[in-house]
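Reader: I am new to this one. Could you walk me through it, please?

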Amino acid sequence: DSSGDALVAGCRAQPEWIKPNIEEAAYLTGLDMNRASWQEALLQIKTFGVQYVLLTAGERGVILADAAHAWHAIPPQVVVTSTVGAGDAALASAICAWRNGCILQEIARRSAAAGTAAALLEGSTVPTAAQIQAIYADTSIQLLY
């Protein structure tokens, strides 16, 4: 978990995965980070040598990009209780799905569901599998590029 110059240095080390949020991606790319700039931002971040970029965009969901494609997972609208730990839950779910051999769009969808489920809970409470599954059922997926 990093930001600013430390995030840039970390990206230059060519990690396999990074999970910036919108503000961190804006810092990395210098872009405004509206939906129209997501593809350009992801492609810029990938030039660091990162293999997978999981961009968390709050209520707008997550975008997961590899070398060839990016998928946008859009969770249902919810009343947020706390965003503490939501990005961590999104990343943990993504890594778990990836390690279990899921395809990119499935990883993105599970990630968005886990982050959203975490945002429904107090503090940094970890959502249960049932809570994540309830959100997952209403999470849509779209090919960004």
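Predicted model: local features only at pLDDT ≥ 70, side-chain atom pairs only at ≥ 80, totals over all residues.

Reader: What is the radius of gyration of the protein, and what would a compact globule have?
Author: The C-alpha atoms fill a box of roughly 35 × 30 × 30 Å along the principal axes. A compact globule with 145 residues would have a radius of gyration near 15 Å, and the protein agrees with that, because its own value is 14 Å.

Reader: Which percentage of the residues is buried?
Author: A residue counts as buried when its relative accessible area is under 20%. The accessible surface of the protein comes to about 7300 Å², and 53% of that belongs to carbon and sulfur atoms. Of the 145 residues, the buried share is 45%.

Reader: Is Thr-29 buried or exposed?
Author: Let's find Thr-29 first: its place is in helix 2, residues 22-29. The relative accessible area of Thr-29 is 12%, and the limit for a buried residue is under 20%. Therefore Thr-29 is buried.

Reader: Which residues does Thr-29 touch, leaving out those up to four places away in sequence?
Author: One link falls within the places left out: a polar atom of the Thr-29 side chain lies 3.2 Å from the backbone nitrogen of Leu-31. Beyond four places in sequence, Thr-29 touches Ala-41, Gln-44 and Ile-45.

Key. Residues numbered from 1 in each chain as written. Heavy atoms only, no water. Rg over C-alpha atoms; globule rule 2.2 N^0.38 Å. Buried < 20%, exposed > 50% of the residue type's maximum accessible area, 1.4 Å probe, protein only. Areas by Shrake-Rupley, 256 points an atom, 1.4 Å probe, with all protein chains shown as cover. Helix = DSSP H or I, 4+ residues; strand = E, 2+ residues; numbered from the N terminus. Polar contact = N/O pair within 3.5 Å; in protein donor to acceptor, adjacent residues only side chain to side chain. Contact = heavy atoms within 4.5 Å.
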